[in-house]
Amino acid sequence: FCNENHPGLVYAWDVVNEAMSDDQDGGLRTDSPWYKTVGEDYIEKAFEFARDYADKDTKLFINDYGLLSPAKRDTMYDVATELYAKGLIDGIGMQSHYTMDDFKKDDLEQALFKFAQIDGIELQLTELDLHNTDDSDEGLKKQADTYRSIFDVLVDLDGKDLANVTNVTFWGLNDECTWLTGFRKETSYPLLFDAGNQPKPCYYSILEAAANIE
């Protein structure tokens, strides 16, 4: 429908989502209905169909969460390497639901650098938010610093041609509509704008990082 009625409107599709296992040994999710019904090659088949029917200039992505963990990162690398070599994907989407307590800048840098070894592949941060329960001045300052560190990594690697980062998408418009409050069962302030759509310190810290783009 989209291709026929609105050609060129969608520039990229997330074709396969959350196919990697959370097990410490990595691998694919064997509990997936697609895996059970089609078999282990369902991912490749999905991209074959997508490549046949998508607009010729449309980018095709494989997307997953938790890609900062070594086992899941390495599984994605292996799967994406094979798909990219066959011309079936254009990029990897890294779901980026981070928390103030667990996020480590080095983990993001290592994951991006690892995926970038697939020469020419596009990398995107998808569903970005930063779970934060402290909306005090101090808490928002700490959140701004963490967001700044995320974008410093993106700007640095992309600027040095060490990773081809083509997009960042946030998971929600403002703190009022975030999914995290319901999911975490505690009030979260994870996004760039508060409940009144006013920019938070993290909004400005990201702009500061982006100012270094060359």
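Me: What distance does helix α3 reach from its first C-alpha to its last, and what is expected at 1.5 Å a residue?
Reply: This is a predicted model. In it, helix α3 runs over residues 42–53 and has 12 residues. At 1.5 Å a residue the expected value is 16 Å, and the helix comes close to that with a reach of 17 Å.

Me: Which residues of α3 are buried, and what arc around the axis do they cover?
Reply: A residue counts as buried when its relative accessible area is under 20%. In α3 this applies to Tyr-42, Ile-43, Phe-47 and Ala-50. These residues lie on the same side of α3 because the arc they cover around the axis is only 135°.

Me: Which exposed residues does α3 carry on the face turned away from its buried side?
Reply: The buried residues of α3 pack against β1 (12–17), α2 (33–38), β2 (59–64) and α4. The face turned away from that buried side carries two exposed residues, Phe-49 and Asp-52.

Me: Which residues does Lys-72 touch, not counting those up to four places away in sequence?
Reply: Lys-72 is found in helix α4. With a relative accessible area of 2%, Lys-72 is buried. Leaving out residues up to four places away in sequence, Lys-72 touches Met-20, Ser-21, Asp-22, Asp-64, Tyr-65, Gly-66 and Leu-67.

Me: How many Å apart in space are Lys-72 and Gln-110, C-alpha to C-alpha?
Reply: Along the sequence, Lys-72 and Gln-110 are 38 residues apart. In space, their C-alpha to C-alpha distance is 13 Å.

Me: Which element gives the largest share of the lining of the largest pocket?
Reply: The largest pocket holds about 540 Å³ of space and is lined by 28 residues. Elements that give two or more residues to this lining are α4 (70–85), β3 (91–99) and α7 (180–184). The largest share, 6 residues, comes from β3.

Me: Which residues lie nearest the centre of the largest pocket?
Reply: The lining of the largest pocket divides into 11 nonpolar, 8 polar and 9 charged residues. Of the 28 lining residues, those nearest the centre are Tyr-65, Gly-66, Leu-67, His-97 and Tyr-98.

Me: Which residues are closest to the centre of the second largest pocket?
Reply: The second largest pocket has a volume of about 260 Å³. Its lining consists of 14 residues, and the closest to its centre are Leu-154, Val-155, Asp-158, Gly-159 and Ile-213.

Me: Which element gives the largest share of the lining of the second largest pocket?
Reply: This lining divides into 7 nonpolar, 3 polar and 4 charged residues. The largest share, 6 residues, comes from α6.

Me: How far apart are the end C-alpha atoms of α6?
Reply: Helix α6 has 23 residues, so at 1.5 Å a residue it should span 33 Å. The separation of its end C-alpha atoms agrees with this, at 32 Å.

Me: Which residues does Val-153 touch, not counting those up to four places away in sequence?
Reply: Val-153 lies in helix α6. At 2% relative accessibility, Val-153 counts as buried. Leaving out residues up to four places away in sequence, Val-153 touches Lys-105, Leu-108, Glu-109 and Leu-112.

Me: What arc do the buried residues of α8 cover around the axis?
Reply: In α8 the buried residues are Cys-202, Ser-205, Ile-206 and Ala-209. They lie on the same side of α8, because their arc around the axis is only 100°.

Me: Which elements do the buried residues of α8 pack against?
Reply: Among the buried residues of α8 are Cys-202 and Ala-209. The packing partners of the buried residues of α8 are α6 and β5.

Me: Is Glu-127 buried or exposed?
Reply: Most residues other than glycine have a negative phi. Glu-127 is not a glycine, yet its phi is positive, about 60°. Glu-127 lies in strand β4 (residues 122–131). With a relative accessible area of 15%, Glu-127 is buried.

Me: Is Lys-185 buried or exposed?
Reply: Lys-185 also has a positive phi of about 60° although it is not a glycine. Its place is the loop between α7 and α8 (201–210). With a relative accessible area of 73%, Lys-185 is exposed.

Terms used:
Residues are numbered from 1 along each chain as its sequence is written. This is a predicted model: local features need pLDDT of at least 70, side-chain atom pairs count only at pLDDT 80 or more; totals for chains, interfaces and linings use all residues. Side-chain values use heavy atoms; hydrogens and water are left out. On a 1 Å grid over the protein atoms alone, a cavity is a set of points where a 1.4 Å probe fits but cannot get out, and a pocket is an open set with protein on both sides within 12 Å along at least five of seven lines; lining residues have an atom within 4 Å of a point. Grid points are joined across faces, edges and corners, and a volume is the space filled by probe spheres set on the points. Helices (H or I, at least four residues) and strands (E, at least two) are DSSP runs, numbered from the N terminus. Ala, Val, Leu, Ile, Met, Phe, Trp, Tyr, Cys and Pro count as nonpolar, Asp, Glu, Lys and Arg as charged, and the others, Gly among them, as polar. The expected span of a helix is 1.5 Å times one less than its number of residues. Buried means under 20% relative accessible area, exposed over 50%, partly exposed in between (1.4 Å probe, protein chains only). The arc is that of the directions from the helix axis to the C-beta atoms. Contact means heavy atoms within 4.5 Å.
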